[in-house]
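The stops below are given in the order in which to select them.

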Amino acid sequence: MMTRAIGMAGLSAAFGLAAAAASAQGLAGGTLALETSAFFEEGAIGHTSYSGGLQFDIGLGFGAAIDLASYGFSGFGADGSNATLHALYDFGPYVMGLDGAVVGAFIGRDGYEEGDAEILGIEAAASVFGLRAEGYLARHDGTRGQADVAGLSARYEITPAIFATGGVGYADADEGALTRMALGGGYRIEGGPRLWGELGRIEAEDEAFGGDETFLAIGAEIGFGPLSGTSFGTRSLFDVVPGL
């Protein structure tokens, strides 16, 4: 609990200082988010995460971003953290029928009780007819071995305030493969945060990463800056496999 509190305080302080320093240095946007979830089969197990990101314009469509996250896993007896750096290129409006198409590459580091791991990958996002889709492919390599990780998420704007969400995450490691699927929706408060909830299912092969689970998650996110957010978010195995 103390570790989680210190991590959250450090995250808030770091982003407060960075946002102030970057206000005149090409800040494109930023986010602060909170998520908490619980498993149905194992009611004592769940996780809470605090995350934030900042994105900067470099020029000529190129940009960079940083994401930090702190994870608290109830029932697992452990906490985790992640830092991700992105290099990205924004194609601008309406390229090949897509709006706001962005591609990027990223490097990240997961920290957990048993050690740490690096995650390397590529990512892309674009919008079409009110649907914003984002996907990534990555390799996770660390103390607990290697894993191939992938994710695809989407948000559809039903009205300016109401949206639907969906996502799929996949991890394939030596101990087996796991798929995380979720559907949900949310409400955007004018001038304030987005509130959302989702119902999902984790399906694991041969009890990999702890086995199958159904989960419920709720969260809130606020964006700021010209983009009112960032192009991409945290890239962590914790987002696919809670508690590892």
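Which backbone nitrogen lies 3.4 Å from a polar atom of the side chain of Thr 84? Select Arg 235: the nitrogen belongs to its backbone. The pair is a polar contact (N or O atoms within 3.5 Å, one able to donate a hydrogen and the other to accept it; residues adjacent in sequence count only if both atoms are side-chain atoms).

This is a predicted model, in which local features need pLDDT of at least 70, side-chain atom pairs count only at pLDDT 80 or more, and totals for chains, interfaces and linings use all residues. Residues are numbered from 1 along each chain as its sequence is written, and side-chain values use heavy atoms, with hydrogens and water left out.

Stay on Thr 84, which sits in strand E4 (residues 78–90); strands are DSSP runs of E, at least two residues, numbered from the N terminus. Thr 84 has a relative accessible area of 1% and is therefore buried (under 20%; exposed is over 50%, partly exposed in between; 1.4 Å probe, protein chains only). Beyond its neighbours within four places in sequence, its contacts (heavy atoms within 4.5 Å) include Ala 65, Asp 67, Phe 106 and Thr 234.

Next, select strand E1 (residues 27–39). E1 runs antiparallel to E2 (residues 46–59), joined by 11 bridges; strands pair if DSSP finds at least two bridges between them. Here Leu 32 faces Gly 52 of E2. E1 also runs antiparallel to E12 (residues 213–224), with 10 bridges, and Ala 33 is opposite Glu 221 there.

Finish at Val 128 in strand E6 (residues 115–128), which is partly exposed at 30% relative accessibility.

How values were computed:
Helix = DSSP H or I, 4+ residues; strand = E, 2+ residues; numbered from the N terminus.
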